[in-house]
Amino acid sequence: MDLGLQYTQYLGKKNALTLGLVFSPGHSLNADASQIRTTSVSDTINLNNGFDLPQSFGAGFTYVYNNSLTLGFDYTLQKWGKADFSGEKSLCDRSKYSFGAEYVPNRLKRNYFSRVKYRVGAYYSDPYIKVADGANINNSELWSKGAKEYGVSAGFGLPIFNSKSILSISAQYTKVEARTKNMVDENYLKLSVGITFNERWFAKWKME
């Protein structure tokens with residue numbers, strides 16, 4: 001269950017500011033967990049409790065100027081540090097910061113490029129996973145945080161001719177940066193294509 005609250009304040013004829021809050025209560029998945037250790041003999045250990053989903057808190061705002069420029073920022077906090085994982089609290093809280101912008105030169109003009117949506121975005125997030133080294137493997141409180149992650153993206157929202165639908169094309173670069181020597185850095189490049197339908201397919205037309 002996600003609970004949300006949103007409020008929009010108009011600042012004159014061309015400016016609008018929207019504030020939002022969201023909360024998701026944590027709960028147990030009621031799962032059974034077991035661990036199998038194999039040496040000369042295989043042993044199965046039943047673990048108390050299963051897995052929890054954490055409480056999540058989020059806040060953000062969006063600023064719109066003249067129905068043309070949109071700026072947005074979001075912050076999310078997930079309380080993984082209080083969630084059980086196989087009967088242990090071996091995770092850490094995760095924060096994520098996101099920023100995005102969209103610009104449309106003029107939605108009312110017939111010129112095609114004036115109606116294109118130009119988009120950019122960026123984000124940064126802490127990990128919720130802890131990493132153990134050889135010296136502290138039996139004490140999760142001394143484990144280090146895992147890899148941090150950040151990325152940037154850019155794309156276009158292309159109007160489809162004789163239609164209100166939008167074809168979205170974007171590229172995103174993501175870097176996962178390790179904080180310990182026994183982990184590796186990761187780099188991703190993702191290309192996305194999507195379509196948003198804004199059609200009145202099921203409208204009943206009347207003629208007089």
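Me: Which side chain does Glu102 make a polar contact with, and at what distance?
Reply: The side chains of Glu102 and Arg119 are joined by a polar contact of 2.8 Å. A polar contact is a pair of N or O atoms within 3.5 Å; within protein, one must be able to donate a hydrogen and the other to accept it, and residues adjacent in sequence count only if both atoms are side-chain atoms. This is a predicted model, where local features need pLDDT of at least 70, side-chain atom pairs count only at pLDDT 80 or more, and totals for chains, interfaces and linings use all residues. Residues are numbered from 1 along each chain as its sequence is written, and side-chain values use heavy atoms, with hydrogens and water left out.

Me: Is Glu102 buried or exposed?
Reply: Glu102 is buried, at a relative accessible area of 18%. Buried means under 20% relative accessible area (1.4 Å probe, protein chains only), exposed over 50%, and partly exposed in between.

Me: Where does Glu102 lie?
Reply: In strand β9, residues 94-103. Strands are DSSP runs of E, at least two residues, numbered from the N terminus.

Me: Changing topic: where is Asp126?
Reply: Asp126 sits in the loop between β10 (117-125) and β11 (130-131). Asp126 counts as buried, with 17% relative accessibility.

Me: What does the Asp126 side chain make a polar contact with?
Reply: The side chain of Tyr124, at 2.9 Å.

Me: And how much of the protein is buried?
Reply: 22% of the 208 residues count as buried.

Technical notes
Helix = DSSP H or I, 4+ residues; strand = E, 2+ residues; numbered from the N terminus.
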